[in-house]
Amino acid sequence: MSDKELLKREIEKIPEHKIQEVIDFVQFLLEKEKEQMNISLVSEPSLKKDWEKPEEDKAWKHL
């Protein structure tokens, strides 16, 4: 059984009065993921300046 299938099964057990709390939590997790992606995309151009330096290539060459 996949994690998603397990989650779906567990959700079926949640009492009706707790459903909104679960929805809120799922939405929170999705928003948090979206924000993390946005931060990564926004920071990439400024970090790119350092990534493209010859010193960086030399420093990471052994990996």
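Helices are DSSP runs of H or I with at least four residues, numbered from the N terminus. The model shown is predicted, so that local features need pLDDT of at least 70 and side-chain atom pairs count only at pLDDT 80 or more, while totals for chains, interfaces and linings use all residues. Residues are numbered from 1 along each chain as its sequence is written, and side-chain values use heavy atoms, with hydrogens and water left out.

View 1. K13 is exposed at 57% relative accessible area, whereas E10 is partly exposed at 35% (buried means under 20%, exposed over 50%, partly exposed in between, with a 1.4 Å probe and protein chains only).

**View 2. K18 and E21 form a salt bridge.** The N to O distance between these side chains is 3.4 Å; K18 is partly exposed, with a relative accessible area of 36%, and E21 is partly exposed as well, with 49%. A search of the whole structure finds two salt bridges.

**View 3. F25, F28 and L29 make up a nonpolar surface patch.** Together these residues have about 310 Å² of accessible area, computed by the Shrake-Rupley method with a 1.4 Å probe, where for residues only the protein chains shown count as cover. Patches consist of residues with over 30% relative accessible area and no salt bridge, like charges being joined within 9 Å and nonpolar side chains (Val, Leu, Ile, Met, Phe, Trp, Tyr) within 5 Å. L29 lies in helix α2 (residues 19-51) and is partly exposed, with a relative accessible area of 39%.

Definitions and conventions:
Salt bridge = Lys/Arg side-chain N within 4 Å of Asp/Glu carboxyl O. Helix = DSSP H or I, 4+ residues; strand = E, 2+ residues; numbered from the N terminus.
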